[in-house]
Amino acid sequence: MSPHPKVELYCDGACLGNPGPGGWAYLLRFHADTGVKEKEEAGGDSETTNNRMELLAAIRGLEALVRPCEVELFSDSQYVVKGITSWVAGWKRAGWRKADRQPVLNAELWQALDLQIQRHRVKATWVRGHAGHAENERVDSLAREAAEKICNHA
């Protein structure tokens with residue numbers, strides 16, 4: 001049995017235009033002896049990209065955990081899931097450069113995500129977007145609302 005609490009993290013990003021106003025959101029689900037507890041949060045940026053919002057959703061969700069946890073991260077972003085499961089280790093070894101020796105796009109966000117992955121035990125799982133997955137639909141809705149709110153205040 002792991003000494004770390006088990007947590008589910010559902011995260012998503014959205015962008016109205018790419019680039020354009022964007023939003024990110026996460027839902028954390030904690031399983032405790034007293035029952036299931038959830039926490040959700042959303043935010044955004046006035047000029048961003050979808051990939052940046054996808055990354056920020058994962059980063060903010062992991063940052064919200066006050067102690068190391070065993071996290072199953074669910075995302076509909078292949079960019080985030082493949083980054084966590086396949087790309088980050090190689091990018092780090094190569095000085096945050098891709099195989100073609102070009103700098104990794106969004107390197108500062110990948111580095112922030114990597115710091116969080118080092119704090120926790122993270123298993124990244126891809127879920128199909130817009131396919132009726134309740135938690136993914138929820139964070140998608142929250143991310144879109146955050147982007148629209150920024151767009152309406154611009």
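Predicted model: local features only at pLDDT ≥ 70, side-chain atom pairs only at ≥ 80, totals over all residues.
## A walk through the chain

You'll find four helices and five strands, and if you follow the sequence, they come in the order β-β-β-α-β-α-α-β-α. The radius of gyration is 15 Å, close to the 15 Å that the globule rule gives for 154 residues, so the chain is as compact as a globular protein of that length.

Next, head inside. Of the 154 residues, 44% are buried. Select L73, W110 and L113: within the largest nonpolar core, which has 31 residues, these touch the most other members. To see where this core comes from, colour β1 (6-15), β2 (20-32), α1 (50-63), β4 (70-75), α2 (78-93) and α3 (107-119), each of which supplies at least two residues. The biggest giver is α1, with seven residues.

Zoom in on L113. Leaving aside residues up to four places away in sequence, L113 touches L55, A58, I59, L62 and I84. Then pick F74, V127, V139 and L142, which are among the nine residues of another core, lying apart from that one.

Back out for two last views. Show the contacts with a separation of 6 or more: 67% of them join residues 24 or more positions apart. Finally, colour by charge. There are 20 positive and 21 negative charges, and their mean positions are 7 Å apart.

How values were computed. Residues numbered from 1 in each chain as written. Heavy atoms only, no water. Core = buried A, V, L, I, M, F, W, Y, C linked by side-chain atoms within 4.5 Å. Buried < 20%, exposed > 50% of the residue type's maximum accessible area, 1.4 Å probe, protein only. Contact = heavy atoms within 4.5 Å. Rg over C-alpha atoms; globule rule 2.2 N^0.38 Å. Lys, Arg positive; Asp, Glu negative; His and termini not counted. Charge placed at Lys NZ, Arg CZ, Asp CG, Glu CD.
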